[in-house]
Amino acid sequence: MRIDLVSKEYPPTIYGGAGVHVAELVKVLRKHIEVRVHAFGDERNEIDTFSYTHGHEFDDSNAALQTMATDLTMVGNIAGADLVHSHTWYANFAGQVAGTLHGIPHLITAHSLEPLRPWKEDQLGGGYRLSSWVERTAYEGATGIIAVSHGMRADILRAYPQLDPNKVSVVHNGIDLEAFQAASNPDLVRALGINPDQRSVAFVGRITQQKGLPYLLKAARALPADVQLVLCAGAPDTKEILNTVTELVEELRKVRDNVIWVEKHLSRQELIAVLSATTVFACPSIYEPLGIVNLEAMACGTPVVATATGGIPEVVAHGETGLLVPIEQLQDGSGKPLDEAKFVGDFAAALNLALEHTDLAAFGAAGRKRVEEHFSWDSIAAQTISVYSKAIGA
């Protein structure tokens, strides 16, 4: 069985959960089957891994058109595969064209959905319309679709009601259990401006609408004075969302002197050090197909307070590994809370409840146990190979 996997992100260029998923999945899959990787970017020194860029004639084109041009450069090299597996809309076009041209199954892993990110049209205009068309066409034509959570599966069928539900299966994201485990590194934490001897609430993520950082910044006004707010947040989607976050941080700093904002992308060692040192991890997302960062925090033995949306409730066990914050959301695709003040207040209350919990260590231990039992990459890879075999008819 030869599987050709197509992704925009692949080491050393990873900036989101989809890239982490692809990198970890490939490592385990290659122990069992032949896997060739086709990814965007500069050449990589890895066997059976190929890199692609768009032609210079597209240098001044819309970014979505550049993506499609890059996808087309991959198609010829996918000849000979038994199945092509694409990740995110950035790679769906390559997967669908290759599957059609070469007469092989095209399998998609859904990490997000364009219809559930409508704010992108304000940001990208025609580019968003192109990405939405690519995604819809690929989903309609794909042999099968893997959702990374049951919540994501429901979103797919709601966004694309014409799909046959039988072709949408669920395989969760996973976690590298050897790499991600509690590791005390106070010197490294201090180098980031964090005091490891004081309590803290930490956020790790990109500055996007879906990650909900503005809601956390508003909720943080209700945190105890001694609790540090640690924001490992960068890679803003737009100047507008960055300006919003910057203004909220500046306002918060007028009443708190312990807001630490780390804007650089953390190395794995730094991330593990921060997750291990923090008292409570906060995930205020309003859209999250699964949320790998919650798995990473739990693997490091850290309690999680997160929004009860998307696939998050399949990761965080309420009252066992942390706390889930209910949210009533707009059904226009934006996911914004119907009552922002209530959501912010509920999130603040959950953070304070977790911080004052009599046995935080029990939350942390239960989180580690949960990821070990349900989210190992060996298990995820075995389930993925089963989906491959079914699609190929093996």
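**Close-up views of a predicted model**

**View 1. Contacts of Ile156.** Apart from neighbours within four places in sequence, Ile156 is in contact (heavy atoms within 4.5 Å) with Ala110, Leu113, Tyr139, Ile145, Ala147, Leu163 and Val168. This is a predicted model, in which local features need pLDDT of at least 70, side-chain atom pairs count only at pLDDT 80 or more, and totals for chains, interfaces and linings use all residues. Residues are numbered from 1 along each chain as its sequence is written, and side-chain values use heavy atoms, with hydrogens and water left out.

**View 2. Nonpolar cores.** A nonpolar core is a set of buried Ala, Val, Leu, Ile, Met, Phe, Trp, Tyr and Cys residues joined through side-chain atoms within 4.5 Å; buried means under 20% relative accessible area, with a 1.4 Å probe and protein chains only. The largest has 52 residues, of which Tyr139, Ile145 and Ile156 touch the most other members. A second, separate core has 37 residues, including Leu213, Leu223, Leu252 and Val259.

**View 3. Strand β5.** Strands (E, at least two residues) and helices (H or I, at least four) are DSSP runs, numbered from the N terminus. Strand β5 (residues 106-110) is largely enclosed by the rest of the structure, because five of its five residues are buried. His106, Ile108 and Ala110 lie on one side, and Leu107 and Thr109 on the other. In a regular strand the side chains alternate between the two faces of the sheet.

**View 4. Neighbours of β5.** Two strands pair if DSSP finds at least two bridges between them. Strand β4 (residues 83-87) pairs with β5 in the parallel sense over four bridges, and Ser86 has Ile108 as its bridge partner in β5. Strand β6 (residues 144-147) runs parallel to β5 and is joined to β5 by four bridges; there, the bridge partner of Ile108 is Ile145.

Conventions:
Buried means under 20% relative accessible area, exposed over 50%, partly exposed in between (1.4 Å probe, protein chains only).
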